Amino acid sequence: MTSYRLALTPDIQNRTVAGREAITLRATVDGVRRLNFSANALGIDSAVLDGVALAHTVEGDVLSFHLPRQLRRGRTVKLELSYHGRPARGFAGSAETLYTSYFACDWMVCSQNKFGEKAVFSLDLRVPAGMTSLSVGSMIARRPTPDGSEVQSWKAPRPYSAYLYGFAVGRFTQVREWVGSKMLTYLSDTADADQLKRRLAGTRGMVAFLSAKAGVPLPVADYSQLLVDGGEAQEAATYSVLGTNALPMKPDDASEDWAIVHELTHQWWGNLITCETLKDFWLNEGITTFMTAAWKEHRYGRGAYDAELDVAKGRLEKARVTGFDKPLAWNGSYPTLGVRRAIQYSKGALFMAQLRVTLGDAAFWAGLRRYTRDHAGGTVTSIDLERAMEESSGRDLRPLFAEWVFGDSLSDRQRQ
């Protein structure tokens with residue numbers, strides 16, 4: 001995939017969507033006969049490839065479009081779709097708001113778990129007049145339509161993986177503030193301007209802290225946070241959705257202060273730099289969970305850092321009690337989502353903490369900066385982190401990575 005261009009009309013009350021989508025693809029191998037995407041609950045009204053109508057099938061979790069002739073390597077084609085339906089996942093909100101959460105390929109046609117396929121994204125969102133929209137990147141145009149609605153056009157600043165696409169529509173209170181050259185935008189249909197400023201006030205300090213540790217400034221010019229009811233904590237390419245129940249109820253509550261910084265951290269590790277496949281998903285979530293602990297150390301002291309890592313240890317131990325513990329880059333199936341998170345989030349964070357102890361602060365943070373700068377905008381595997389840490393420290397880290405990341409068998413490591 002090289003680009004997705006969408007025109008969507010969401011129905012807030014009915015939680016449905018109608019859309020047109022143009023996907024530009026380039027064949028990477030000879031003999032392509034089918035185009036496969038993640039299956040969803042949408043009804044495909046039409047599918048056309050370079051002017052030729054296509055048939056489609058759904059088998060299990062795969063939506064396939066069957067090509068009339070093979071594609072040769074290097075050929076670029078455009079798949080144009082129209083569809084409608086009620087997404088099974090990823091749609092939430094209130095009576096007057098709608099926002100997406102993680103499952104982008106439930107409301108559009110894309111591949112949810114092909115993290116290595118970063119593509120350009122643009123969206124023309126038709127909304128009722130007077131409503132505010134939020135999506136990936138920046139709003140580049142808005143125009144009224146004859147039926148009294150408005151089309152608000154959004155464009156991403158760089159290619160992103162499909163799971164990071166999203167949008168929101170509603171009558172939102174909106175507050176903006178600058179952090180240097182970056183704009184922070186806070187939106188909500190549940191909080192007024194003063195509440196937004198108070199509950200999201202820590203964002204400024206987090207941006208400064210993370211920028212320094214990454215060696216890369218906040219990767220987006222305008223970072224938005226949408227505050228909604230409930231317990232949401234989900235990143236998108238240039239914004240986050242946060243539930244009021246996920247935020248601390250009182251100021252300076254170190255034990256509950258995690259959601260804002262965790263989702264913000266993904267703007268670097270996860271969004272700017274993305275694991276190439278699900279096997280290395282710990283690079284997205286383990287680093288981010290560790291950086292949440294590092295922020296707490298910076299903000300509240302060493303005790304808060306240790307307490308956060310103790311939470312990770314507890315979650316990992318629960319998985320081990322059930323007899324499940326795997327290397328971070330394990331490529332098998334996890335029995336539950338909770339167990340997956342115990343490994344990829346919690347064990348990943350504990351490994352980063354162990355790296356910090358092993359290398360010392362100077363070499364560790366230099367290695368993280370090297371890793372971030374070298375791979376900004378791209379995709380990574382575990383070996384990329386190992387190389388960055390070895391180069392920054394001058395040490396052979398193969399035994400440590402074998403123990404934590406690759407396991408007893410180094411076959412995965414050798415293939416990377």
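Thr57 stands opposite Ser64 in β7, and this pairing belongs to a hairpin of β6 and β7 with two residues between the strands, where Gly60 takes a positive phi near 65°. Strand β6 (residues 55-59) and strand β7 (residues 62-71) pair in the antiparallel sense over five bridges, where pairing requires that DSSP finds at least two bridges between two strands. The model is a predicted one, in which local features need pLDDT of at least 70 and side-chain atom pairs count only at pLDDT 80 or more, whereas totals for chains, interfaces and linings use all residues. Residues are numbered from 1 along each chain as its sequence is written, and side-chain values use heavy atoms, with hydrogens and water left out.

**Overall build**
- The protein has ten helices and 23 strands, these being DSSP runs numbered from the N terminus, with helices (H or I) of at least four residues and strands (E) of at least two.
- Its radius of gyration is 22 Å, close to the 22 Å that the globule rule gives for 416 residues, so the protein is as compact as a globular protein of that length; the radius is taken over C-alpha atoms, and the rule is 2.2 Å times the number of residues to the power 0.38.
- The C-alpha trace of the protein spans about 60 × 55 × 40 Å along its principal axes.

**Sheets**
- Four strands form an open sheet in the order β9-β10-β16-β12, with antiparallel pairing, and its edge strands, β9 (91-92) and β12 (132-135), each pair on one side only.
- Within that sheet, β12 is joined by four bridges to the antiparallel strand β16 (residues 167-170), and Ser135 stands opposite Phe167 in β16.
- A further open sheet holds five strands in the order β17-β18-β19-β21-β20, with mixed pairing; β17 (173-179) and β20 (233-235) stand at its edges with a single partner strand each, so one side of each is left without a neighbour in the sheet.
- Seven bridges join β17 to strand β18 (residues 182-188), and the two run antiparallel, with Met183 in β18 as the bridge partner of Trp178.

**Helix packing**
- Helix α6 (residues 337-359) and helix α7 (residues 361-375) pack at an angle of about 130°, with their axes 6 Å apart; axes are lines fitted to C-alpha atoms, for helices over the stretch in contact, and angles run from 0 to 180 degrees between N-to-C directions.
- That angle makes α6 oblique to α7, given that angles under 35 degrees count as roughly parallel, over 145 as roughly antiparallel, 65 to 115 as roughly perpendicular and the rest as oblique.
- In the contact (heavy atoms within 4.5 Å), Met352, Leu355, Arg356 and Leu359 of α6 meet Asp361, Ala363, Phe364, Trp365 and Leu368 of α7.
- The residues of the α6 and α7 contact divide into seven nonpolar, no polar and two charged, where Ala, Val, Leu, Ile, Met, Phe, Trp, Tyr, Cys and Pro count as nonpolar, Asp, Glu, Lys and Arg as charged, and the others, Gly among them, as polar.
- Helix α2 (residues 203-214) and helix α4 (residues 282-300) pack at an angle of about 115°, with their axes 11 Å apart, which makes α2 roughly perpendicular to α4.
- Gly205, Met206, Phe209, Leu210 and Lys213 of α2 make the contact with Met291, Ala294, Trp295 and His298 of α4, and by class this contact has six nonpolar, two polar and one charged residues.
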